[in-house]
Amino acid sequence: MEIEVYQQQGRVPVTIFTIRGDIDAQTYDQLQNQVQASIQAGARNFLLDMAGVNYISSYGVRALSQIYNWLRDAGEMPIAGHKSQHVKLVNVSAPVSKVLETTGMDLYLDIYSDRENAIAAF
């Protein structure tokens with residue numbers, strides 16, 4: 001898996017992760033580690049561009065769940081339908097979208113079809 005990380009200014013700074021390759025047992029920790037490093041560097045708003053991801057395993061779903069939890073507001077409990085204000089997805093393929101729907105992650109993460117609208121949503 002390859003991850004390109006950069007920032008774009010919207011109403012707030014948004015850290016964009018352009019991901020290419022599967023998110024599975026061999027790669028999920030790479031995504032988590034890069035997000036963790038960005039959080040430690042002070043980033044708070046993340047857009048994961050999934051255009052290059054054709055497959056996500058349960059490990060990938062676990063990584064998204066962990067990222068959601070890291071960026072949850074302090075003391076906030078995860079409630080189905082409570083979308084993250086700090087992490088969003090864009091350009092999700094049909095197979096990945098199916099996994100997110102099946103696991104319920106789509107209840108926690110906003111999913112956009114274009115980057116401009118996703119950035120504007122922060």
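These legends accompany close-up views of a predicted model.

**View 1. The largest nonpolar core.** This core holds 28 residues, and Ile 19 and Met 50 touch the most other members. Two or more residues each come from β2 (13-20), α1 (28-40), β3 (46-52), α2 (58-71), β4 (87-90) and α3 (94-103). Helix α2 gives the most, with 6 residues.

**View 2. Surroundings of Ile 19.** Residues up to four places away in sequence are not counted here. Ile 19 touches Met 1, Glu 2, Ile 3, Leu 31, Leu 48, Asp 49, Met 50, Gly 52 and Val 53. Another core lies apart from the largest one. It has 7 residues, including Val 14, Leu 47, Ile 119 and Phe 122.

View 3. Tyr 28, Leu 31, Gln 32, Val 35, Ser 38 and Ile 39 are buried. These residues lie on the same side of α1, because they cover an arc of only 125° around the axis. Their cover includes β1 (2-9), β2, β3 and α2. Asn 33 and Gln 40, on the other side, are exposed. Just after the helix, Gly 42 takes a positive phi of about 110°.

**View 4. Arg 115 in helix α4.** Arg 115 belongs to α4 (residues 115-120). Its relative accessibility is 19%, so Arg 115 counts as buried under the 20% cut-off. The side chains of Arg 115 and Thr 18 are joined by a polar contact of 3.5 Å. Neighbours within four places in sequence aside, Arg 115 is in contact with Tyr 6, Gln 8, Ile 16, Thr 18, Leu 47, Asp 49 and Val 90.

Terms used
Residues are numbered from 1 along each chain as its sequence is written. This is a predicted model: local features need pLDDT of at least 70, side-chain atom pairs count only at pLDDT 80 or more; totals for chains, interfaces and linings use all residues. Side-chain values use heavy atoms; hydrogens and water are left out. A nonpolar core is a set of buried Ala, Val, Leu, Ile, Met, Phe, Trp, Tyr and Cys residues joined through side-chain atoms within 4.5 Å. Buried means under 20% relative accessible area, exposed over 50%, partly exposed in between (1.4 Å probe, protein chains only). Helices (H or I, at least four residues) and strands (E, at least two) are DSSP runs, numbered from the N terminus. Contact means heavy atoms within 4.5 Å. A polar contact is a pair of N or O atoms within 3.5 Å; within protein, one must be able to donate a hydrogen and the other to accept it, and residues adjacent in sequence count only if both atoms are side-chain atoms. The arc is that of the directions from the helix axis to the C-beta atoms.
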